[in-house]
Amino acid sequence: MASHAPTPGEPSPSALSSPAAGWQGIAGDWASDKDAFKQVPWGKAMMWIFLLSDTFVFTCFLTGYMSVRISTTVPWPNPSEVFALTIGGTEIPLILIAIMTFVLISSSGTMAMAVNFAYRRDRRRTAALMLATAAFGLTFVGMQAFEWSKLIAEGVRPWANPMGAAQFGASFFMITGFHGLHVSIGVLYLSIVALKVLRGDYERAGNYQIVEIAGLYWHFVDLVWVFIFAFFYLW
Amino acid sequence: MEHAQGQQHPISLYLKIWGLLFVLSTLSYLVDYFHFQGYLRWSLIVTFMLLKAGLIVSIFMHMAWERLAMVYAILVPPLCLLVLIGLMAAEADYIFLSRIFFFAQGASPGS
């Protein structure tokens, strides 16, 4: 029974026991006239709510892309050909995007393990894994910059392109640009938190929640890419 | 061993999910590589996408272990977006038909 709210940022030792069961638990949590998200640190709840709002932003972009793609009478460029690369004389469809997907998934894997080591108070491994995550993120942004310059060199603009429907460029630059911005901010965020882990800031406070919260943001960036990959590149 | 705070799951769990995500990504890439078309292509893409999203949210983001009050607060609101998508798809279809109709008629406006 959660009779008192845990102090912010410091989960009580019993924080993970006594999970509320089923609908009665939900009703109890929401009807208790206190904080609804019991035993969830406020930082984590706020990050989730931010990610929820970001979900709406990205869905608006993807829905806009869907609308212009359905409504245009000009054929849509074939992403499989637009994003093909010629490696060793053979043209491989969509290969750069596939590699970018694997890079981002790998970064999610290292981030998940960093959270785990943070709660074990293994500062070195936590920081190393977080910096590895940031390095994967930088790789991803670098490949995206390469992809952008390649398309711009081929004449793709937000208002026109030589392959087909003019809306292709607008959707592409808007969606991947906004996602790339999220990755770049994530790289900064993770690097700062990693350095603070190394410096021992959270050791003194005795609270490594921030690593998990930063991790939530990073996994969300990966999650958005899953949808962009499916709807923009594969559809 | 020191008492650990927060969520503790074995590292092997994360490695397994990582592997699964790799396999699913490879499969969705192969859908494009082998040029599947039509409903087969779309259903495969959406299936792999939803599986990947589910794994990331439930395991990597620890949603599987959160309290239900928060899980529903986060996962239910996005369902509104399905309404938006449905409305916009209907609207876009209508615009497409209007354009076909208009362009077919109005090749020489003013005549």
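Predicted model: local features only at pLDDT ≥ 70, side-chain atom pairs only at ≥ 80, totals over all residues.
Student: How many helices and strands are in chain A, and how are they defined?

Tutor: Helices (H or I, at least four residues) and strands (E, at least two) are DSSP runs, numbered from the N terminus. Chain A has eight helices and two strands, in the order α-α-α-β-β-α-α-α-α-α from the N terminus on.

Student: How do you know that the span of helix H6 of chain A agrees with its number of residues?

Tutor: The expected span is 1.5 Å times one less than the number of residues. For the 33 residues of H6(A), residues 167-199, that gives 48 Å, and the end C-alpha atoms are 48 Å apart, so the two agree. Just after H6(A), Gly200(A) has a positive phi of about 90°.

Student: Why is Met174(A) called partly exposed?

Tutor: A residue is buried if 20 or more other C-beta atoms lie within 10 Å of its own, exposed if 12 or fewer, and partly exposed in between, with C-beta atoms placed from the backbone. Met174(A) has 14 other C-beta atoms within 10 Å, and is therefore partly exposed. Met174(A) lies in helix H6 of chain A, and its C-alpha atom is separated by 9.8 Å from that of Leu62(A), 112 residues apart along the chain. Of the 235 residues of chain A, 36% count as buried.

Student: Which residues of H2(B) are buried, and what do they pack against?

Tutor: Ile45(B), Phe48(B), Lys52(B), Leu55(B), Ile56(B), Ile59(B) and Phe60(B) are buried in H2(B). The buried residues of H2(B) pack against H4 and H8 of chain A, together with helix H1 (11-33) of chain B. After H2(B) comes His62(B), with a positive phi near 65°.

Student: Which element gives the most to the side of chain A that touches chain B?

Tutor: In all, 51 residues of chain A are in contact with 49 residues of chain B. H2(A) gives the most to this side of chain A, with 11 residues. The residues of that side divide into 30 nonpolar, 15 polar and six charged; Ala, Val, Leu, Ile, Met, Phe, Trp, Tyr, Cys and Pro count as nonpolar, Asp, Glu, Lys and Arg as charged, and the others, Gly among them, as polar.

Student: Why are H1(A) and H3(B) called roughly perpendicular?

Tutor: Axes are lines fitted to C-alpha atoms, for helices over the stretch in contact, and angles run from 0 to 180 degrees between N-to-C directions. Angles under 35 degrees count as roughly parallel, over 145 as roughly antiparallel, 65 to 115 as roughly perpendicular and the rest as oblique. H1(A) and H3(B) pack at about 85°, with their axes 8 Å apart, and are therefore roughly perpendicular to each other. Gly25(A), Ile26(A), Asp29(A) and Trp30(A) of H1(A) make the contact with Leu68(B), Ala69(B) and Tyr72(B) of H3(B).

Conventions. Residues numbered from 1 in each chain as written. Chains lettered and ligands numbered in written order. Contact = placed C-beta atoms within 7 Å.
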